[in-house]
Each structure stands twice: as structure tokens, then as C-alpha cells.
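Dear colleague,

Please find below the structure I wished to pass on to you. My notes on it follow directly after.

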Amino acid sequence: MTRLYHPSLYDRAAAVGSYWEASAPPLDRETPALAGEAACDVAVIGAGYTGLTAALCLAEEDSMDVAVLEAGTPGWGASGRNGGFCCLGGAKLGYGAMERRYGREETRRFFQVQTEAIDLVKDFCARRGIAADLTGEGEIVLAHRPGRLVEMRAEQETLRRLFGLDSEILSPADLAGRGLAASGFHGGFLVPLGTGLHPLKYLRGLARAVVDAGVRVFGNSPVLAVERSAAGFLLVTPQGRLSARKVIIATNGYSEEQRLPGLAGRLLPVLSNILVTRPLSEAERAAQGWTATTMCADSRRLLHYFRLLPDGRFLFGGRGGVSGSPAAAERGAQRLRHAFERHFPLWREVETEFFWRGLVCLSQPLVPFVGALEEGRGGGREAGLFAALAYHGNGVALTAYAGRALAALVAGRQGAEALPAVLRAPLPRFPLPFLRKAYLAAAYGFYGLQDARG
């Protein structure tokens with residue numbers, strides 16, 4: 001099975017239709033399709049945040065000859081269509097469970113990596129002059145049921161105990177005082193780390209830096225096969241062939257696993273949907289009581305995430321769906337709009353101007369993976385084949401660290417032990433991977449019941 005969802009989700013010729021596409025300056029760099037024969041030291045599959053960051057580090061810090069192959073245009077995938085939450089994230093495994101599985105010290109190392117990653121994105125934008133619309137400070141999880149406040153207090157204590165991080169429980173009155181008044185929430189949990197950004201402005205700034213560093217970026221060049229060769233690897237595209245000593249796979253939820261060795265059955269792409277309204281007037285924002293640009297999500301297992309954008313538009317996203325067909329997309333848009341109106345009733349007449357969807361990526365252990373891929377048969381590592389992926393729908397920040405760390409591994413500047421154990425553990429297959437969509441449908445049903453009960 002190479003694609004879990006409807007073919008329309010993988011149509012690279014189709015525009016995403018996002019607000020980001022409509023508002024980001026063009027790339028202004030050439031990214032032609034690969035044609036004929038070419039060679040390089042390292043080939044990168046995927047021109048998203050991870051792949052471009054790794055390519056830039058290898059070119060600038062290691063003077064390596066790097067080529068990037070992208071099936072569409074740079075940022076066509078999750079990097080150019082996410083909600084722009086640059087914050088803690090990358091794993092779905094809770095910190096308590098993470099501590100039991102990997103140990104306290106390795107869990108602390110992973111948390112430190114996440115905080116470092118946020119700073120890496122901010123510093124990169126500042127140093128390269130990328131106007132990525134960084135807005136707001138921190139992230140708030142809003143309790144959609146009173147019982148979720150108990151879980152939030154427990155999480156607050158875990159963050160203090162493990163990481164020494166001070167967070168804050170907010171009452172509904174506190175939220176309203178911060179310009180975050182919505183209907184149906186019973187309080188919130190503020191983590192004072194992270195910022196919102198324009199994901200495609202950041203991506204295109206990164207892509208410009210990569211091209212300017214001498215990296216060849218080949219757009220509209222899907223990899224049809226990765227074959228072993230005397231020199232290392234041969235990557236086959238519709239119009240060309242690229243030889244490389246080493247290969248980095250950075251395709252996340254858009255990985256076509258039958259074409260990419262080492263990934264079969266190891267990833268679970270999951271649909272996420274986003275709507276963006278027309279610009280809200282100051283009076284409309286004041287009437288609803290939502291005037292701050294703080295990143296927010298609710299406490300549902302099938303969460304919604306939302307934030308006010310710098311131009312006054314409102315972004316509202318959510319997980320769900322197991323089809324991916326155009327008809328299913330229409331139903332998903334209706335469900336998302338209904339949820340938006342439930343929490344922001346005074347904006348019921350505010351039009352949706354943009355709706356789009358995309359794939360996030362889960363792993364079986366619910367943590368990201370960075371490192372050398374396991375060999376398909378046997379227990380050793382596949383020499384020369386690396387990957388960084390599975391950010392669980394929240395990888396804007398972590399990709400900055402993952403790309404840098406992967407470049408250091410590929411170049412031999414550091415070993416795997418330099419990474420937290422959370423990231424470097426082998427990437428296992430899902431049991432009976434042909435049933436992954438069935439697992440997902442069952443999980444959605446179970447989570448829906450949990451969310452309804454509080």
C-alpha cells in the first residue's frame with residue numbers, strides 16, 4: 001500500500017487553496033524538474049522544513065554537494081499548509097509515559113530539544129531577514145469540559161517536576177481578560193513557549209537560503225524508485241536519475257512507502273483541515289471578546305486549534321476523516337465550520353474565505369524519528385539511508401532541530417547518541433499495517449466518546 005487516502009490528496013498539480021498561498025510572496029528562485037543524469041553527495045527527498053534545513057546545513061557547514069527532489073513545489077506538503085504553530089510538540093506520547101519508557105534524563109533531553117527548536121526558528125528568521133509574521137507568545141490549551149482542568153493541573157505539576165517549567169491555569173475570567181473569550185470553555189492551561197508564524201513565508205525564506213547556498217532543488221520531480229548502486233543510491237524520477245552516496249527521506253505524511261525503502265508499514269498519515277475567515281473588524285473582534293493572537297487549542301482528543309492572524313482573519317483547524325475524497329472534504333469543511341460557530345457564536349455570519357486540508361504523520365510509538373533507517377530485512381541499519389519524520393501534527397519548530405541533527409549525522413559530525421533516545425529509537429511497523437485506516441476509524445470513534453464525556 002503506497003497511499004492510504006484518495007488520490008486527490010496527492011495531486012501535486014493542484015493548488016492547495018490555502019490562505020498561505022494567497023498571501024506569501026513568490027519563491028523567486030528556479031526549481032526545475034530533474035532531467036537527465038545528475039550526481040551529488042547527498043540526495044534529500046522532500047523540500048519541506050526538514051529536508052531544506054538538512055540540505056542547508058550540509059551545504060553551509062560541511063561544504064557537501066546536495067540535491068533536493070520535491071514531488072511538487074517546495075512547501076506543497078505539510079510545511080506550507082499547517083496552522084503555523086511554532087511551539088512545543090512533535091510527540092503524542094505524554095511526558096509521564098515518556099519518562100517511564102525512556103527514563104527521566106532522556107525525557108528532559110527531548111524537552112530541551114523542543115525549546116531549542118523554537119529558538120532556532122526565531123533566530124533563523126531574524127538572521128536571514130525572513131518576515132514570517134511571528135505573532136503572540138506561548139500556547140493555551142482550553143478545557144472543553146470541566147473535568148479536563150484536573151488533567152491540566154496534573155500536566156502543570158509534571159512540567160514543573162520534570163523540567164522546572166512554570167505554567168499557569170487560567171479561569172474563564174482570566175481568559176476573557178487576555179482577549180480570549182469563547183463559548184464552551186471552562187478554563188485554560190498556558191505554556192509560555194512558542195509563537196505563531198506564517199508557515200509558507202518561513203518555508204520560502206528557507207528555500208531561498210538553500211538555493212542561494214548552491215543546493216540544487218528540483219521541483220515536480222517525484223521519486224519513483226530508490227535503488228542501490230555501486231556509488232550508493234540511484235533515485236529515479238519521471239525525467240531523470242540522480243546518483244548519491246547518501247539519501248535523506250523527509251517526506252513525513254506524504255511518504256509513498258512502496259517507493260521508499262525502510263518505511264513500509266511504519267507511518268500513519270492523518271487528515272487535518274483548516275478554515276480561515278475574512279478579516280474581522282475591530283468591532284467584531286471586540287464583540288466576541290477575542291482580540292489576542294495567542295496560539296490556542298482545545299482539550300479534545302480530536303482537537304481543534306485556532307488563532308487570530310495579524311491581518312484580523314481567524315484560523316480554525318481540526319483533525320478528522322478517513323477518506324480524503326472531495327465529497328469527504330466538503331463534509332469535513334461543514335463539520336469544522338459548525339465547531340467554529342459553536343465556540344464563536346457572534347461570528348456566525350463571518351464568511352469562510354479559505355478551506356484546505358493536508359496530512360500529518362504519526363508513528364506507532366507516538367514519537368518522532370530522526371536517524372538511520374532500519375534495514376527492511378535483518379536487524380542492522382541501512383547504510384547511507386536516513387530519515388526524519390513523524391511529527392504528529394506539530395512539527396513546525398522541531399523540524400528545525402531535526403534537520404540540523406540529521407545533517408550532522410549524515411556528515412559524520414556527531415553520532416546517534418547526541419540525540420535524545422526519544423528521537424533515535426528504531427521506527428517500528430504498525431501491527432498488520434494494511435489495517436491502519438481501520439485502526440484510525442476505531443480510534444476516532446473512541447476519542448469522540450471520550451471528548452463527549454469529558
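How far does helix α9 (residues 326-343) reach from its first C-alpha to its last? The model is a predicted one, and in it the 18 residues of α9 reach 26 Å, close to the 26 Å expected at 1.5 Å a residue.

Several residues of this helix are buried, namely A328, A329, G332, L336, R337, A339, F340 and H343. The strands are β12 (267-277), β14 (304-308), β15 (314-319) and β16 (352-363), and the helix is α8 (282-288).

As to the protein chain as a whole, it has 12 helices and 18 strands. Its radius of gyration is 21 Å, which agrees with the value near 22 Å that a compact globule of 454 residues would have. Along the principal axes, the C-alpha atoms fill a box of roughly 65 × 45 × 45 Å.

Buried residues account for 56% of the 454 residues. Of the contacts between residues at least 6 apart in sequence, 78% join residues at least 24 apart.

Regarding the surface, the protein chain exposes about 17,600 Å², and carbon and sulfur atoms supply 52% of that area. The chain carries 51 positive and 44 negative charges, and the mean positions of these two sets are 5 Å apart.

With kind regards

Definitions and conventions. Residues numbered from 1 in each chain as written. Predicted model: local features only at pLDDT ≥ 70, side-chain atom pairs only at ≥ 80, totals over all residues. Heavy atoms only, no water. Helix = DSSP H or I, 4+ residues; strand = E, 2+ residues; numbered from the N terminus. Rg over C-alpha atoms; globule rule 2.2 N^0.38 Å. Buried < 20%, exposed > 50% of the residue type's maximum accessible area, 1.4 Å probe, protein only. Contact = heavy atoms within 4.5 Å. Areas by Shrake-Rupley, 256 points an atom, 1.4 Å probe, with all protein chains shown as cover. Lys, Arg positive; Asp, Glu negative; His and termini not counted. Charge placed at Lys NZ, Arg CZ, Asp CG, Glu CD. Expected span 1.5 Å × (residues − 1).
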